[in-house]
Amino acid sequence: MEDVRTDGRSCEEYRQVEVECGVVSNTSGSSRLRLLNTEVIVGVKAEMGNPSPSHPNEGRLEFMVDFSANASPEFEGRGGDDLSVEMSTRFAEVFRTQSVLDLVSLGIIDGQCCWILYVDIVVLECGGNLLDAMSLAVKAALANTRIPKVTVLKDSEGGEDIEVSDDPDGYNTLNIDMVPLFVTLSKIGQRHVVDATLEEECCCSASLVTSVDSSGKFTGVVKKGTSSLSNESLHEMLQASFQDNYLP
Amino acid sequence: MPVDKKRITGPEETQSPLLFQKYDKSSVILVDENGKRQDERDANDCRPIFMKAGVVSQAQGSAYIELGKTKVICAVYGPREVLRREDFSMTGILKCDFKFATFSCPVRRKFQPDTEEREFALIIEQALSPAVCLHKFPKSQVDINIKVLENDGSALSAAIICSSVALSDAAVEMYDVVTACSLRLSEDTMLLDPTYQEEVTSIRGDSNANLTIGLLPSINQTSAMLQKGHIDCDRLLKWTPLKSFLHYLLPSRCPSLLVFCLTTQRIADLYGGLSENLPHGPRVPQEVGHKQTPTGERNGTRRRKMIAVSKNGKREQNDRRQN
Amino acid sequence: MTQPPSKYAVVDHLFYPMMGTIGNADGSALVKLGNTTVICGIKAEFSAPLLDEPTKGYLVPNVELPPLCSSQFKSGPPGDQAQVVSQLIDNIVKSSKLINLESLCIAEGTLCWVLHCDMICLDYEGNVVDACLLSLLAALKNVLLPDVRIVEDSGLAVTSEKSTIPLDLSSHPVSTSFVVFDDSILLADPTKEEETMATGVVTIVTTEDGNLCAVHKPGGSPLPVNKMQDCIARSKERANKVRKLLEKTFKSSKG
């Protein structure tokens with residue numbers, strides 16, 4: 001069988017990726033990504049809030065996916081809601097894994113105050129393979145995120161005050177080395193492909209969404225679609241996701 | 001926060017007493033030096049399973065499963081008309097409603113379905129779809145309602161097994177009964193069918209992952225896979241738990257399936273031998289105006305294809321016409 | 001019709017309670033009335049008491065009729081019937097003084113227990129009120145709360161690892177529902193079929209000292225006074241039987 005797809009790519013080849021960082025000026029970090037027809041903008045806002053009672057010394061990330069009605073007619077009105085919940089869950093799930101991001105560094109005062117990073121993903125154009133594109137854009141936006149330096153001052157009565165640095169260079173950046181990328185493998189006929197286009201997604205009966213980090217570790221795998229996979233293809237697909245982790 | 005006018009509301013802010021309990025996290029171990037887990041199991045042991053079909057009198061089909069202390073109940077309604085217009089489809093669809101009971105977990109759950117519950121519902125839908133003959137009931141849907149009454153780990157796999165048994169109890173035509181199993185992977189251990197404590201305990205080190213796989217045993221294909229947490233690609237692929245894990249899930253080796261077979265056999269024996277391997281004969285749908293099945297066949301002559309269990313424990317496909 | 005409706009027939013379905021079924025709940029019970037199954041789980045949490053009632057805790061009962069229990073219910077927020085039953089149970093809990101809310105207070109004005117009592121119907125075949133109230137009572141009976149200590153200097157609460165303290169129930173209200181067919185036939189413990197065909201429903205709640213605690217008759221065909229008295233007498237008789245059974249189950253679940 002020849003390793004050529006309808007658009008001339010081989011089965012395990014991505015489309016051309018363009019990433020641009022810092023595109024939205026009033027966010028803490030942002031990025032815009034184009035994967036041929038797929039276009040995504042990600043904005044990260046850092047805000048102070050209350051930590052969750054179960055992890056009092058850690059900050060957290062909140063994901064929100066928004067589908068522009070321009071991206072595809074089916075997203076009009078509340079059409080994209082289910083998909084948006086599904087995708088933000090996938091992100092939240094992956095970032096809950098220890099060692100993806102150092103969440104402790106986002107804590108400010110134990111049990112009282114922490115940084116919450118609101119990650120808003122806007123899909124402007126949908127040309128297939130949304131999750132992979134989003135994860136790449138999220139990683140770029142997080143790399144670009146600047147979190148102001150804060151100092152905790154103790155006053156005489158034992159109370160605590162937070163002072164945010166007003167020095168424009170006084171910011172911290174996040175260590176994004178371990179932030180994983182999604183690799184979606186779509187099973188079409190007897191083969192699997194990466195970076196499926198819209199047409200390919202229509203023909204695909206089952207896919208495997210894996211998230212892989214730079215050290216070659218899975219941080220999450222989920223099977224989607226209404227068909228089942230044989231052991232061999234499952235094994236092959238997992239193997240492929242490992243190899244495909246060559247992206248920036 | 002808007003006030004929930006449809007429920008009796010308590011105070012706005014409540015905290016679980018577990019947050020105030022003092023215990024040393026570092027002392028928690030998964031496996032002791034003899035290779036035994038906290039509940040005296042070996043790493044490859046499943047917990048005892050209890051299963052019963054036909055527990056909800058109002059439903060077309062239902063099942064209840066206990067996996068150790070994990071308790072799940074599932075009821076199946078349908079096939080019936082699609083409720084939402086946008087769900088219309090020329091093949092049948094499965095609609096899954098998955099909910100943890102508020103008191104099922106150590107920390108109280110909310111009434112509104114959270115993201116985890118929605119995700120599980122989707123995974124169960126997709127795990128069962130390949131096993132159901134969806135083309136047999138076009139333009140209609142089967143509702144699968146799942147309630148986890150107690151979550152002591154492996155809730156998703158219990159729910160998958162339970163719902164596929166409920167589907168077969170509802171005489172929905174199926175190619176196969178889906179079975180599932182969970183696995184806890186950490187640095188040097190691999191625990192089958194983890195308890196809640198084992199699922200949430202994280203050991204310092206690189207690999208801490210939970211893996212759930214749903215399998216169609218007769219064609220040996222994976223219909224669901226969910227992995228959360230860190231795990232080495234190499235480990236998952238090469239010398240790995242995955243292979244041996246899938247191996248466990250093979251019909252001959254899979255403990256949960258084996259027990260399932262035994263349970264069905266027990267039910268079968270109870271109800272007069274193998275010719276009636278499910279507790280009920282064909283059920284007449286209870287709703288009025290549903291005298292005909294959506295496939296157009298009369299109830300009495302509905303063909304049922306199901307998995308039977310013969311006395312020697314082997315499985316066989318059984319395609320028969322019931323009158 | 002499963003049972004021939006003879007005049008004044010009082011047919012008790014097989015009644016079957018089970019206590020302490022859910023390990024993760026602080027108290028739980030499963031009640032089966034015929035096919036109708038209700039499970040009640042109680043979760044205790046901390047909260048601050050209300051400003052105008054600083055010495056009282058909370059008991060929050062909620063009834064859930066999920067799509068699982070019958071095809072007539074939809075998923076989503078509770079429907080009309082679930083709201084009515086929840087409200088009725090809340091009223092019964094309040095009026096019968098089932099539990100002394102002051103015993104749920106840990107530190108006056110700052111900390112108290114909230115008992116979230118969630119009753120979930122697993123199989124809906126009529127008479128869900130009786131089953132819910134019974135499951136609530138049975139679950140409350142086996143609630144065990146941990147011991148709470150407040151550390152002097154930090155003001156934080158510390159709970160003991162083992163839960164040992166039972167609740168102090170001051171009364172045991174038991175309800176009996178009847179359906180009325182054109183003011184001539186009374187049936188106790190109605191099935192779903194009987195409920196839909198009947199012309200009226202009446203629920204009578206009595207406490208163990210023989211007092212009437214609540215009478216709930218939401219419209220329907222009018223009921224003559226002597227029939228009503230008949231209902232009350234029957235419900236007292238049945239409630240005593242139920243209480244004895246409950247006590248027996250409670251003892252056997254402990255021993």
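Two strands pair if DSSP finds at least two bridges between them; strands (E, at least two residues) and helices (H or I, at least four) are DSSP runs numbered from the N terminus. The model is predicted: local features need pLDDT of at least 70, side-chain atom pairs count only at pLDDT 80 or more, and totals for chains, interfaces and linings use all residues. Residues are numbered from 1 along each chain as its sequence is written, and chains are lettered from A in the order in which they are written.

**Exercise 1.** State how β1(B) and β2(B) pair, and which residue stands opposite B:Met51.

*Solution.* Step one: β1 (residues 49-53) and β2 (residues 61-67) of chain B are antiparallel, with five bridges. Step two: opposite B:Met51 is B:Ile65 of β2(B).

**Exercise 2.** Determine which element gives the largest share of the side of chain C that touches chain B.

*Solution.* Step one: residues are in contact if their C-beta atoms, placed from the backbone, lie within 7 Å. Step two: this contact joins 44 residues of chain C to 35 residues of chain B. Step three: elements of chain C that give two or more residues include β3 (36-47) and α1 (80-95). Step four: the largest share, eight residues, comes from β3(C).

Notes
Two residues are in contact if their C-beta atoms, placed from the backbone, lie within 7 Å.
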